[in-house]
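These are my notebook entries on what I looked up, kept in the order in which I looked.

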Amino acid sequence: MDQLKNVKSADKVAEEIIEWAHNHGVSNAFDRAEKLKPCPIGHTGACCKICFMGPCRLVGADAEEKAAGVCGATLPVIAARNFLRMVAAGTAAHSDHARDMAFTLLEACTGDAPDMKIQDVTKLRKVAGYLGISIDGKDMATLGKEVAEKIIANFGQQKGEVSYVSRAPKKRQELWRKWGLVPRGIDREVTEAMHRTHMGVDQDPENLMMAALKCSLADGWGGSMFSTDITDMLFGTPTPKRSIASLGVMKADEVNIVLHGHEPTLAEMIVDVSTEPEIIAYAKSKGATGVNLVGMCCTANEVLMRHGIPTAGGFLNQELAVMTGLAEAVVVDVQCIMPAIGQAAKKFHTKIITTSHKGKMIDAVHIQYDEHRAKEIARQIIRVAADNYPNRTAEGSRVTETAPVIAGFSHEYVEYMQGGSYRGSFRPLNDAIMAGRIRGVAGIVGCNNPRTTQDSFHDFLAMEFIKNDVLVVSTGCGAAACAKAGFMLPEVALEKAGPGLREVCEAIGIPPILHLGSCVDCSRILTITTAMVEAGGLGDDISMLPGIGIAPEWMSEKALAIGCYFVASGMHVVFGSESPMAASSVVQDIKHNVWVERLGGRLDFISEPQEILRFALEKIDAKRDALKLKKYEPGKFGAERVLMSMEDRRKLDKEMAANKG
Ligand code: SF4
Ligand code: MSK
């Protein structure tokens, strides 16, 4: 770790471009973060700008006891209110994305989005089951329409419970009901959070912090989980795909198009039409040899998981992609899109193409996405990029190095690997945890933040966890970091993994670091942990599992919403850097002690990666002790059921299929 303190990025290819930017005087987020220090008052949650009597900044050694805003709001109220607003914004972002997906599903089923149809019928049937919709005698379009309508109703629902709450372990549901945390409708919780944080409404820090958990549940067990399921239904449930990662994925002689943002719908269409002979011929007519699609941020994760499209990396690589000088177009929709790419693009030939009315940029070309003519728009975008190919200059940092990656581990696939089509279950994983072969499970998720050496925390923690026999699941920019570092190649990770984890992964046929998808796919971690509870042997609730959630380089409000829904689901969660409510010891106490007493989960902010690791392993071991599991000792395992090899499983699948037939 120490050798990384003097660099901006642990991603060598990114670092090369950052150096190029320095030498050429091109502004970038890393430099701006250095020049623009965070406001120390806002950074710790001590500034309120909710009304125009303020902004009120509560500073000083005794601010918590003595200071108050013009209205009389105390520091704990201000810090908790700020936090709830951030969680509401994160919930809104994931859930509005989910709403768009739900309408796309509806239109795919009514024929209004003629270029789309349901690709995973098994998942459609499963989702119908979760929603209590009968599948009997219904064709796919009818069933899909009913499913879409039911999901859409969850957004505006005023009373009752968000449907997917019923997918959580029973004990967890009871706890949520006991504490009044069950979200009634997705939009209702976000709206109520905004109302409660308006000037002069909720003045109780504990009440505000509990509201943050409730709102976040509307994200995790609502918007995000719906989004993951709809995306799987429409575009296929991921299975492992081999690809490459890093900014070196750009090709010197092809039309490079960066697919950036979060909603996979248009990106899917672009992937689909990019291989059409007329499109290739068009690119060739402009002097290129073909069309090269690469992903960025979570759109990258979506198209990597389903099509093996190379990923150029996560959040902090977006400006750098423009600085390669090789991007003909960066196509964006919503979330995590830096305005800076528009400014960077002016120095190169790159065109930024915005595609959502929700996310326009003044330095961009706008081509509005419309699902009624999705492929036509996708083709138009590729042509605009191809037209730009002849404008490419010699300017830019040409980088070529890439890392191999295998991504695409859905809940369904991991389950299948543990028993085949007929006997899929999470019991083998649980058995390995009980026997001490696997010490526990860590979810490493979330963003990059230029205030931390890019990827350094993600990479360090992923490596240390697997060395310590902790299975790692990863999403978002955390997954991109591991991919770029080459850790998502099973051979590499198995080499580094502890002996127990290695043995289990080899037997099951999964790598020690699993790429689960985009940030909305953190919902896959919720369903996997629930399946682990249901498989037995590790207690009857998520809070009992030897697991931890970590967002070591977070920056986004969405990350806070994710952190909160994991806490509300019973997990210990650690975020890197300082707490955005650090100014209030009262609020700190609520998120540590009140939350853990009521829900079994807590949220800590720890700025040193070694300390995050120590804390996480301590918590995992404490959960093992509470379950009275064998004490974890590297290389020494207890008895467990014999794990099935891949070969045994295939044999069993064949036999079962033959018997069924
Ligand atoms: Fe100041 Fe109160 Fe207005 Fe906040 S709500 S800005 S603390 S007067
Ligand atoms: S893209 S929210 S920077 S993970 Fe989902 Fe990455 Fe964080 Fe955006």
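Predicted model: local features only at pLDDT ≥ 70, side-chain atom pairs only at ≥ 80, totals over all residues.

Residues are numbered from 1 along each chain as its sequence is written, chains are lettered from A and ligands numbered from 1 in the order in which they are written, and side-chain values use heavy atoms, with hydrogens and water left out.

I looked up where Ser577 sits and found it in the loop between strand S14 (572–576) and helix H26; helices (H or I, at least four residues) and strands (E, at least two) are DSSP runs, numbered from the N terminus. Ser577 is not a glycine, yet its phi is positive, at about 65°. Cys297 likewise has a positive phi in a residue other than glycine, near 55°; this residue is found in helix H13 and is buried, with a relative accessible area of 3%. I also checked the peptide bond from Gly54 to Pro55, which is cis with omega near 0°, and I place Pro55 in the loop between strand S1 (47–48) and strand S2 (56–57).

**Entry: helix H10**

Does the length of H10 agree or disagree with its residue count? The expected span of a helix is 1.5 Å times one less than its number of residues, so the 31 residues of H10 (205–235) should span 45 Å, and the end C-alpha atoms, 43 Å apart, agree with that. Because 29 of its 31 residues are buried, H10 is largely enclosed by the rest of the structure.

Within H10 I looked at Trp221, which is buried with a relative accessible area of 0%. Apart from neighbours within four places in sequence, Trp221 is in contact (heavy atoms within 4.5 Å) with residues including Val162, Tyr164, Trp176, Leu526 and Ser569. The side chains of Trp221 and Ser569 are joined by a polar contact of 3.0 Å; a polar contact is a pair of N or O atoms within 3.5 Å, where within protein one must be able to donate a hydrogen and the other to accept it, and residues adjacent in sequence count only if both atoms are side-chain atoms. The C-alpha atoms of Trp221 and Ser523 are separated by 7.2 Å, although the two are 302 residues apart along the chain.

**Entry: the two ligand shells**

Which residues come nearest to ligand 1? Of the 13 residues around it (one heavy atom within 4 Å), Cys48, Cys51, Cys56, Cys71 and Met199 do. I sorted that shell into ten nonpolar, two polar and one charged, where Ala, Val, Leu, Ile, Met, Phe, Trp, Tyr, Cys and Pro count as nonpolar, Asp, Glu, Lys and Arg as charged, and the others, Gly among them, as polar.

Around ligand 2 there are 13 residues, the closest being His262, Cys298, Cys336, Cys477 and Cys519. By class the shell of ligand 2 has eight nonpolar, four polar and one charged, and H13 and helix H21 (476–484) each supply at least two residues of it.

Met305 is placed in H13 (297–307) and counts as buried at 1% relative accessibility. Its contacts beyond four places in sequence include Pro238, Ala407, Phe409, His515 and Arg524.

Last, I looked at helix H19 (427–435), which is mostly covered, with eight of its nine residues buried. What covers those buried residues includes strand S10 (440–444), strand S11 (470–475), helix H23 (499–508), helix H24 (522–535) and helix H27 (609–626). Just after H19, Gly436 takes a positive phi of about 85°.

Conventions
Buried < 20%, exposed > 50% of the residue type's maximum accessible area, 1.4 Å probe, protein only.
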